[in-house]
Amino acid sequence: MPDSNILSVYSNKRVLITGGLGFLGSSLAHALVARGADVALLDNLAPLYGGNEFNIDTIKDQVTVTIGDIRDSGLLHKVILDCDFIFNFAAQVSHSDSATMPFEDLDINARGQLMILEACRLYNPHAKIIFPSSRLVFGRIQHTPVTEEHPTHPLGLYGVHKLTAEKYYQLYHHLYGMRTVVLRLTNPYGPRQQIKHSKYSIPGWFMRLAMEGKEISIFGEGEQKRDYIYVDDVVQSFLLVGALDITDGKVYNCGYGSSVAFKDMVTALITIVGSGNVRFVPWPSHYEKEETGSFEVDTSLLRRDTQWVPAVSLKEGLQRMCQYYIEYKNHYLFPNL
Ligand SMILES: NC(=O)c1ccc[n+]([C@@H]2O[C@H](COP(=O)([O-])OP(=O)(O)OC[C@H]3O[C@@H](n4cnc5c(N)ncnc54)[C@H](O)[C@@H]3O)[C@@H](O)[C@H]2O)c1
């Protein structure tokens, strides 16, 4: 494990988290507050996504919250000033919505990222900026484990725009020396994940169905494998790449590094929750076109450069997540969309 002194760099540093009321952003906010950072959150609380004020309930007096949009250039100018670190989690997060709202996805996930980089170039060029990308930039998987060099041919606009944003982060380092780094995430899960609809964050949605004793539909035989990574491990990886001297737009894979068949994840979840059941249904035709195939990530580059090691197994992570929603589910039951 890395030397915990590395993370003391955040003490008294000003950190902006865009999308900071969402699942990953708020979880990072908790970790940064615990390390003495001066944390500011920018989030537009758009109803489709996972922004939820309850996510920061226990730290709300220790962070500054601005409700607003990353595409508001005047606001952006104000919030990025004097930040040492910017973790840029604000996003349209649903792969399926990127097909039905292509221009919204382009606007938030590509143009919005470019606006942040431009604002930083003009007004805060020394900030370290960390960007969460997605495994969906790879498209159809040709070999596992998937290294950073695996071809990138996304099968949807979400992946195309995430890949575009990655290129912006690399280009702004190349052209202007800006201090950027990218983490490509696999399938994060855990407490504070939105459970109000099924458009993204599948483990969260399935946990809700199981807790309500409902049926969970699995496409095909459920053999497709995914690489599930617990939120605390994701947060730790962001803290490390932020703190270390990695500033050259480098792209890292971040996942657990071993995969589980979809049906086995669901079986584990149902066993832990103690209710719910499974029904196998045929793949809808459009899903087959967009399905990446089984996925397992190679994280050796991230491990080598940061000494990061994921610590929470799927079983342990699902247990912690279940415990969280037993206690707090009512704060996450927004209407189904
Ligand atoms: N959760 C995943 O499965 C996953 C996987 C790979 C990558 N990521 C990336 O991680 C990041 C965070 O995802 P998450 O799972 O925490 O999702 P989330 O929906 O919980 O958080 C996203 C937050 O961004 C906010 N937001 C959206 N558009 C905004 C805008 N225009 N201006 C300001 N705020 C805005 C939302 O209100 C929400 O709070 C995203 O960039 C996402 O693409 C997530």
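Author: A crossing of two helices is right-handed if the near helix is turned clockwise from the far one by less than a right angle. The structure discussed here is a predicted model.

Reader: In which hand does α8 pass α11?

Author: Helix α8 covers residues 262-273 and helix α11 covers residues 314-328. Their axes lie 10 Å apart. By the definition above, the crossing of α8 past α11 is right-handed.

Reader: Is α8 parallel, perpendicular or oblique to α11?

Author: The two helices α8 and α11 pack at an angle of about 45°. Angles under 35 degrees count as roughly parallel, and 65 to 115 as roughly perpendicular. The angle therefore makes α8 and α11 oblique.

Reader: How many residues of each class has the contact of α8 with α11?

Author: Helix α8 contributes Met265, Ala268, Leu269, Ile272 and Val273, while α11 contributes Leu314, Lys315, Leu318, Gln319 and Cys322. Sorted by class, the contact of α8 with α11 has one charged, one polar and eight nonpolar residues.

Reader: Is Leu45 buried, partly exposed or exposed?

Author: Leu45 lies in the loop between β2 (38-43) and β3 (63-67), and its phi is near 50°, a positive value in a residue other than glycine. A residue is buried if 20 or more other C-beta atoms lie within 10 Å of its own, and exposed if 12 or fewer. Leu45 has 15 C-beta neighbours inside 10 Å, and therefore counts as partly exposed.

Reader: Is Asp82 buried or exposed?

Author: Asp82 is in the loop between α2 (73-80) and β4 (85-88). Its phi is positive, about 70°, although Asp82 is not a glycine. Because Asp82 has 12 C-beta neighbours inside 10 Å, it counts as exposed.

Methods. Residues numbered from 1 in each chain as written. Predicted model: local features only at pLDDT ≥ 70, side-chain atom pairs only at ≥ 80, totals over all residues. Axes fitted to C-alpha atoms, helices over the stretch in contact; angles between N-to-C directions. Helix = DSSP H or I, 4+ residues; strand = E, 2+ residues; numbered from the N terminus. Parallel < 35°, antiparallel > 145°, perpendicular 65-115°, else oblique. Contact = placed C-beta atoms within 7 Å. Nonpolar A, V, L, I, M, F, W, Y, C, P; charged D, E, K, R; others polar.
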